[in-house]
Amino acid sequence: MVTFQFVPYREIERLSSTKRVNKLLHIVKEDKIVIMEGRLRREEEADLIEITMEGINSKFKGIELSILYPDADKVPFFQKMKGAFANMLLGDRQGITIIGPAHLVKKIEQNPDKIELFTKEISEKSFRPRLKK
């Protein structure tokens, strides 16, 4: 079974960069695929990848990350200005970000209008239910 967790932008907008990255990584480490409204800042994406690389071990194989963002070239000028103003006031809520554990996500294919997420088949033996403390 694959579990998706939606993270609305309002849940992370007031968090510091470190807390945003840690929150998303924590969800992924619970074997869930994160679907986040909007996107992280470029520095936060780099931090997410760096922290992930540092945390790779025999139990955690890393993450797969994909961002679907509206193609700015196809948007009329007035809508670009309107979008830029809305981003300035409300934060960057455009697009979606998908982050999943590498041991579950086989690949993520992306084109301008859609994302296709392929998962790996998991046998019953390899499934490790997480126990709560």
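Modeller: A charge sits over a ring if NZ of Lys or CZ of Arg is within 6 Å of the ring centre and within 35 degrees of the ring normal. This is a predicted model, in which local features need pLDDT of at least 70 and side-chain atom pairs count only at pLDDT 80 or more, while totals for chains, interfaces and linings use all residues. Residues are numbered from 1 along each chain as its sequence is written, and side-chain values use heavy atoms, with hydrogens and water left out.

Colleague: What places the charged end of Lys 29 over the ring of Phe 60?

Modeller: The charged end of Lys 29 is 4.9 Å from the centre of the Phe 60 ring, and the limit is 6 Å. Lys 107 also lies over a ring face, that of Phe 118, at 5.1 Å from the ring centre.

Colleague: How many aromatic pairs are there by the rule?

Modeller: The count is 0. A pair needs ring centres of Phe, Tyr or Trp (its six-membered ring) within 6.5 Å; planes under 30 degrees apart would be stacked, over 60 edge-to-face and the rest tilted.

Colleague: Why is Glu 45 called buried?

Modeller: Glu 45 has a relative accessible area of 13%, and buried means under 20% (exposed is over 50%, partly exposed in between, with a 1.4 Å probe and protein chains only). Glu 45 is therefore buried. Its place is helix α3, residues 42-55; helices (H or I, at least four residues) and strands (E, at least two) are DSSP runs numbered from the N terminus.

Colleague: What does the side chain of Glu 45 make a polar contact with?

Modeller: With the side chain of Arg 39, at 3.2 Å. The cut-off is a pair of N or O atoms within 3.5 Å; within protein, one must be able to donate a hydrogen and the other to accept it, and residues adjacent in sequence count only if both atoms are side-chain atoms. Not counting residues up to four places away in sequence, Glu 45 touches Arg 39, Leu 40 and Ile 67, where contact means heavy atoms within 4.5 Å.

Colleague: Is Asp 31 buried or exposed?

Modeller: Asp 31 has 17% relative accessibility, so it counts as buried. It lies in the loop between α2 and β2 and has a positive phi of about 65° although it is not a glycine.

Colleague: What makes Val 2 partly exposed?

Modeller: Its relative accessibility is 33%. Val 2 precedes β1 and, leaving aside neighbours within four places in sequence, is in contact with Ile 33 and Thr 119.

Colleague: How do you know that β2 and β4 pair?

Modeller: Strands pair if DSSP finds at least two bridges between them. Strand β2 (residues 32-37) and strand β4 (residues 96-101) have 4 bridges, in the antiparallel sense; one links Glu 37 to Ile 96.

Colleague: Which strands stand at the edges of the sheet, and why?

Modeller: The open sheet of 4 strands has the order β1-β2-β4-β3, with mixed pairing. β1 (3-7) and β3 (63-68) each have a single partner strand, so one side of each is left without a neighbour in the sheet. The twist averages 15° from one strand to the next.

Colleague: Which strands does helix α2 lie across?

Modeller: Helix α2 (residues 17-29) lies across β1, β2, β3 and β4, running at about 145° to β2. Helix α3 packs on the sheet as well, touching β3 and β4, and its direction makes about 165° with that of β3. Axes are lines fitted to C-alpha atoms, for helices over the stretch in contact, and angles run from 0 to 180 degrees between N-to-C directions.
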